[in-house]
Amino acid sequence: MNNVELAKKVEGYLKGSAAKAKKFEDLVAVSISLLSENNEDMFVAVREGKILVDHYAYNDNNCAVEASAEIIDKMFSGELSFDEALANGSVQVKSGEPAKLKALECLVPSKKSVKPAAKTSAKAADKKVLAAKPAEKKAVPAPAAKPVEKNDAPAAKAPEKKPATAKGKGKRK
């Protein structure tokens, strides 16, 4: 993926975050150097409440970072947190404040909205588990049946009392 394609994807990810961008009080501009054969650049900025994404370097940036296109794509799609990417070295800050890069994370679609398909898969997995659980439940009630057998034991004593009734018949003789 080149810088033009990535810039369009990132812009698409951030499209629904215009209201959040209006809350930014300061300019936040992050220039991103993509690790590739062509050493391409792009930037993501919030200026005057508007999100700007383009496929060239932003010289008046608050932060300049270096990462692969795949990592940047994962970060702005919500698959990888900005903190994780910085901590594991996937994104390296070349200059400026890392906090400015982290400030952009609030514009990323929430992980909840990124995973509806995953929830569907989880529901399907739950159905499979539920299908397996009745077998487990059948095995579980067996121990529960033991206490029931104890209840059956007194019922067995009740017929023993019937012979006592027979003794009563003996008194009639």
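Of the 173 residues of the protein chain, 27% count as buried, a label given to residues under 20% relative accessible area, with exposed meaning over 50% and partly exposed the range in between (1.4 Å probe, protein chains only). The model is a predicted one, in which local features need pLDDT of at least 70 and side-chain atom pairs count only at pLDDT 80 or more, while totals for chains, interfaces and linings use all residues. Residues are numbered from 1 along each chain as its sequence is written, and side-chain values use heavy atoms, with hydrogens and water left out.

Eight helices and five strands make up the secondary structure of the protein chain; helices (H or I, at least four residues) and strands (E, at least two) are DSSP runs, numbered from the N terminus. Along the sequence, these elements follow the pattern α-α-β-β-β-β-α-α-β-α-α-α-α. Contact here means heavy atoms within 4.5 Å. Among contacts between residues at least 6 apart in sequence, 68% join residues at least 24 apart.

Which residues of H1 are buried? They are Asn3, Leu6, Ala7, Val10 and Leu14. Seen down the axis of H1, these buried residues fall within an arc of 100°, so they line one face of the helix; the arc is that of the directions from the helix axis to the C-beta atoms. The partners against which the buried residues of H1 pack are helix H2 (18-21), strand S1 (28-34), strand S2 (41-47), strand S3 (50-54) and helix H3 (69-77).

Two further details concern H1. At its start, a side-chain oxygen of Asn2 comes to within 3.0 Å of the backbone nitrogen of Val4. A polar contact is a pair of N or O atoms within 3.5 Å; within protein, one must be able to donate a hydrogen and the other to accept it, and residues adjacent in sequence count only if both atoms are side-chain atoms. Lys8 also belongs to helix H1, and with a relative accessible area of 58% Lys8 is exposed. The C-alpha atoms of Lys8 and His55 are separated by 8.4 Å, although the two residues are 47 apart along the chain.

Asn39, in the loop between S1 and S2, has a positive phi, near 50°, in a residue other than glycine. The relative accessible area of Asn39 is 55%, so Asn39 counts as exposed. Glu48 sits in the loop between S2 and S3 and has a positive phi of about 55°, although Glu48 is not a glycine. At a relative accessible area of 77%, Glu48 is exposed. Leu35 is another residue of the loop between S1 and S2, and is partly exposed at 47%. Leu35 and Glu66 are 31 residues apart in sequence, yet 6.7 Å apart in space, C-alpha to C-alpha. Leaving aside neighbours within four places in sequence, Leu35 is in contact with Glu66, Ala67 and Ser68.

Helix H3 is mostly covered, with seven of its nine residues buried. The buried residues are Ala69, Ile71, Ile72, Asp73, Met75, Phe76 and Ser77. Gly78 follows H3 and has a positive phi, near 95°. Further along, Pro109 lies in the loop between helix H5 (98-103) and helix H6 (111-114). Pro109 is partly exposed, at 22% relative accessibility. Pro109 and Lys15 are 94 residues apart along the chain, and their C-alpha atoms are separated by 9.3 Å.

A search of the whole structure finds zero disulfides, a disulfide being a pair of cysteine sulfur atoms within 2.5 Å. Cys63 is buried, at 0% relative accessibility, whereas Cys106 is partly exposed, with a relative accessible area of 40%.
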